[in-house]
Amino acid sequence: MASNISVFASRTVAFSTRLLSGKSNNIACRAFSVSTTNESSRTPIGFIGLGNMGNHMAKNLHKQGYPLVVNDVYPEASAELQDLGATVVDTPAEVADKVDRIITMLPSSPNVIEVYSGTGGIFETVKTGCLLIDSSTIDPTVAQEVAGMADKKGALYMDAPVSGGVNAARDGVLTFMVGAKTDEFEAAKEILQYLGKNIVNTGPVGTGQAAKICNNMMLAISMIGVSETMNLGMRLGLDPKMLASILNTSSGRCWASDTYNPVPGVLEGVPSSNDYKGGFGTALMTKVRQDK
């Protein structure tokens with residue numbers, strides 16, 4: 001086990017190196033506005049990107065009564081939501097054609113650019129006044145670039161990256177860092193309140209990504225520290241659960257230790273106890289650090 005943690009820690013070192021409108025027959029196009037919750041709950045929402053995070057986020061919107069129009073580059077990712085009643089379409093453009101509010105949750109800056117402005121992308125059919133909430137973690141300058149393209153289409157884009165991990169996405173308790181003007185932020189909050197418990201307006205477009213990069217830098221550093229600490233303790237003969245309990249009631253306590261401990265078996269329901277599946281990949285963390 002110690003060797004596995006050492007490998008995990010060495011991979012984690014990469015963290016600190018360089019850290020998602022139109023013409024529907026059923027849905028009338030409307031200008032961007034803040035509507036009441038009851039009104040909005042009857043209005044379909046588009047969701048593009050149904051991976052580890054997006055799948056849970058979309059399901060939480062479904063639980064709140066929002067009809068969904070969904071798309072993912074991997075068709076199998078849409079199966080569960082389709083079984084719940086979501087409309088599955090083949091391209092982001094088809095999503096934008098059917099709704100006037102879209103959430104995107106994608107792996108990286110190139111994915112966001114492709115989904116929004118590529119062939120079959122959102123901007124091919126986006127409606128005037130469409131609200132575009134991008135919860136991907138990307139380069140702040142890319143967020144600003146996409147916002148500019150949206151503005152030329154008469155749509156409104158804001159960056160709203162998240163923190164909290166897969167379990168927080170599942171439980172609807174994410175933290176959202178939203179780059180938007182105050183009135184625009186309130187319109188996004190109307191939706192995001194069902195996906196998170198901390199929804200913060202960080203300033204203009206791009207500042208949400210800036211806040212997320214700062215958070216991930218701190219997370220990367222603390223995860224490296226926890227990984228090396230647990231590995232050292234185990235090599236010195238300490239029981240990992242016992243060591244974790246000491247750390248979590250002492251000055252070394254941090255999220256990487258008490259909520260997301262990297263040692264298998266210390267905590268249930270976290271990636272380390274599931275063969276490191278379902279978490280935030282080291283490649284994505286490295287990408288985030290590069291975006292700074």
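Helices and strands are DSSP runs numbered from the N terminus, a helix being at least four residues long. All views show a predicted model.

**Figure 1. Overview of the protein chain.** The protein chain contains 13 helices and 9 strands. Of its 292 residues, 51% count as buried. The accessible surface comes to about 13,200 Å², and carbon and sulfur atoms account for 53% of that surface.

**Figure 2. The loop position of Asp275.** Asp275 is located in the loop that lies between helix 12 (255-258) and helix 13 (282-291). Most residues other than glycine have a negative phi. In Asp275, by contrast, phi is positive, near 55 degrees.

**Figure 3. Packing of helix 6 with helix 7.** Two packed helices are described by the angle between their axes and the distance between the axes. For helix 6 (residues 109-117) and helix 7 (residues 140-152), the angle is about 5 degrees and the axes are 10 Å apart. Helix 6 is therefore roughly parallel to helix 7, since angles under 35 degrees fall in that class. On the side of helix 6, the contact involves Ser109, Val112, Ile113, Tyr116 and Ser117; on the side of helix 7, it involves Val142, Val146 and Met149. The contact residues comprise 6 nonpolar, 2 polar and no charged.

**Figure 4. Crossing of helix 10 and helix 11.** Helix 10 (residues 207-235) and helix 11 (residues 240-247) have axes that come within 10 Å and cross at roughly 130 degrees. The two helices are therefore oblique to each other, and the crossing of helix 10 past helix 11 is right-handed. Thr229, Met230, Gly233 and Met234 of helix 10 meet Pro240, Leu243, Ala244 and Leu247 of helix 11. By class, the residues of this contact are 6 nonpolar, 2 polar and no charged.

Figure 5. Val166 belongs to helix 8, which spans residues 165-171. With a relative accessible area of 15%, Val166 is buried, because burial requires a value under 20%. Val166 and Gly51 stand 115 residues apart in sequence, while their C-alpha atoms are 9.9 Å apart in space.

Note on methods
Residues are numbered from 1 along each chain as its sequence is written. This is a predicted model: local features need pLDDT of at least 70, side-chain atom pairs count only at pLDDT 80 or more; totals for chains, interfaces and linings use all residues. Side-chain values use heavy atoms; hydrogens and water are left out. Buried means under 20% relative accessible area, exposed over 50%, partly exposed in between (1.4 Å probe, protein chains only). Accessible areas come from the Shrake-Rupley method with a 1.4 Å probe; for residues, only the protein chains shown count as cover. Axes are lines fitted to C-alpha atoms, for helices over the stretch in contact, and angles run from 0 to 180 degrees between N-to-C directions. Angles under 35 degrees count as roughly parallel, over 145 as roughly antiparallel, 65 to 115 as roughly perpendicular and the rest as oblique. A crossing is left-handed if the near helix is turned anticlockwise from the far one by less than a right angle, and right-handed if clockwise. Contact means heavy atoms within 4.5 Å. Ala, Val, Leu, Ile, Met, Phe, Trp, Tyr, Cys and Pro count as nonpolar, Asp, Glu, Lys and Arg as charged, and the others, Gly among them, as polar.
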